[in-house]
Amino acid sequence: MKKIVFVLAMLLLSMLAMADDFLPVEKVFSVKITSEKVHQLDVHYHVAKGYKLYRDRLAFDLNGKTIASASIQFPKAEEYFDEGLGQKMAVYHQDFVLTIAMNGQADKGEIKLRYQGCADIVTGK
């Protein structure tokens with residue numbers, strides 16, 4: 001019984017130590033939008049070392065309507081087997097820029113970005 005309690009205590013302490021290793025989300029991922037060309041948005045993502053963003057979890061809404069993925073030019077992503085999700089995923093481990101062609105959509109309005117990422121420390125990769 002003492003061994004089980006000791007092992008559980010060590011497991012809890014290691015989990016707490018790992019939690020301290022994570023950066024606040026605002027330091028892990030940041031986004032800046034620029035517009036160098038008419039009817040085009042460039043979305044600049046910063047991804048901190050030791051973290052990744054999932055390409056297929058990036059989504060954009062303009063004035064409440066989803067921007068079609070055909071309008072988005074994604075840079076090449078790295079193929080990665082995510083053990084937690086149990087499947088291959090396309091991910092970005094470094095800063096990257098993607099381009100959204102507005103294709104007659106409103107030049108002004110509110111754009112909302114959605115994304116999902118993860119720390120590599122969870123799987124050690």
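Asp61 touches Thr66, Ile67, Glu110, Ile111, Lys112 and Arg114 when residues up to four places away in sequence are not counted, contact being defined as heavy atoms within 4.5 Å. The model is a predicted one, in which local features need pLDDT of at least 70 and side-chain atom pairs count only at pLDDT 80 or more, whereas totals for chains, interfaces and linings use all residues. Residues are numbered from 1 along each chain as its sequence is written, and side-chain values use heavy atoms, with hydrogens and water left out.

Asp61 is placed in strand S4, where helices (H or I, at least four residues) and strands (E, at least two) are DSSP runs numbered from the N terminus. With a relative accessibility of 12%, Asp61 counts as buried; buried means under 20% relative accessible area, exposed over 50%, and partly exposed in between, for a 1.4 Å probe and protein chains only. The side chain of Asp61 is joined to that of Thr66 by a polar contact of 3.2 Å, a polar contact being a pair of N or O atoms within 3.5 Å, of which, within protein, one must be able to donate a hydrogen and the other to accept it, while residues adjacent in sequence count only if both atoms are side-chain atoms. The side chain of Asp61 also meets that of Arg114 in a salt bridge, at 2.6 Å from N to O, the term denoting a side-chain nitrogen of Lys or Arg within 4 Å of a carboxyl oxygen of Asp or Glu. This pair links distant parts of the chain, with Asp61 in strand S4 and Arg114 in strand S10 (residues 111-114), 53 residues apart. Arg114 counts as partly exposed, at 40% relative accessibility.

By the rule stated above, the count comes to 3 salt bridges. One of them is formed by Asp120 and Lys52, whose closest N and O atoms are 2.7 Å apart. Because Asp120 lies in the segment after S11 and Lys52 in strand S3, the pair ties together parts that are 68 residues apart in sequence. Asp120 is buried, with a relative accessible area of 8%, and Lys52 likewise counts as buried, at 1% relative accessibility. A salt bridge also joins the side chains of Arg55 and Asp56, at 3.4 Å from N to O; here Arg55 is partly exposed, with a relative accessible area of 27%, and Asp56 counts as exposed at 53% relative accessibility.

Strand S3 belongs to an open sheet of 4 strands, which has the order S7-S8-S3-S11 and antiparallel pairing. The edge strands are S7 and S11 (117-119), each of which pairs on one side only, and the twist averages 45° from one strand to the next; the axes are lines fitted to C-alpha atoms, for helices over the stretch in contact, and angles run from 0 to 180 degrees between N-to-C directions. Two strands are taken to pair if DSSP finds at least two bridges between them. Strand S7 (residues 78-82) and S8 pair over 5 bridges in the antiparallel sense, with Glu79 having Ala90 in S8 as its bridge partner. S7 and S8 form a hairpin with 4 residues between them, and Gly86 in the turn has a positive phi of about 70°. Strand S3 (residues 51-54) is joined to S8 (residues 87-92) by 2 bridges and to S11 by 3 bridges, again in the antiparallel sense.

Leu53, which lies in strand S3, stands opposite Tyr92 in S8 and opposite Gly117 in S11. Leu53 counts as buried, at 0% relative accessibility. Its contacts, neighbours within four places in sequence left aside, include Phe29, Tyr45, Val47, Leu58, Ala90 and Phe96. The C-alpha atoms of Leu53 and Ala90, 37 residues apart along the chain, are separated by 8.6 Å.

The largest nonpolar core has 22 residues, and those with the most contacts inside it are Tyr45, Leu58, Phe60, Phe96, Leu98 and Ile100; such a core is a set of buried Ala, Val, Leu, Ile, Met, Phe, Trp, Tyr and Cys residues joined through side-chain atoms within 4.5 Å. The elements that give two or more residues to this core are strand S2 (40-47), S3, strand S4 (59-62), S8 and strand S9 (96-101), with the largest share, 4 residues, coming from S2. Leu98 touches, among others, Leu41, Val43, Tyr45, Leu58, Phe60 and Ile72, residues up to four places away in sequence not being counted.
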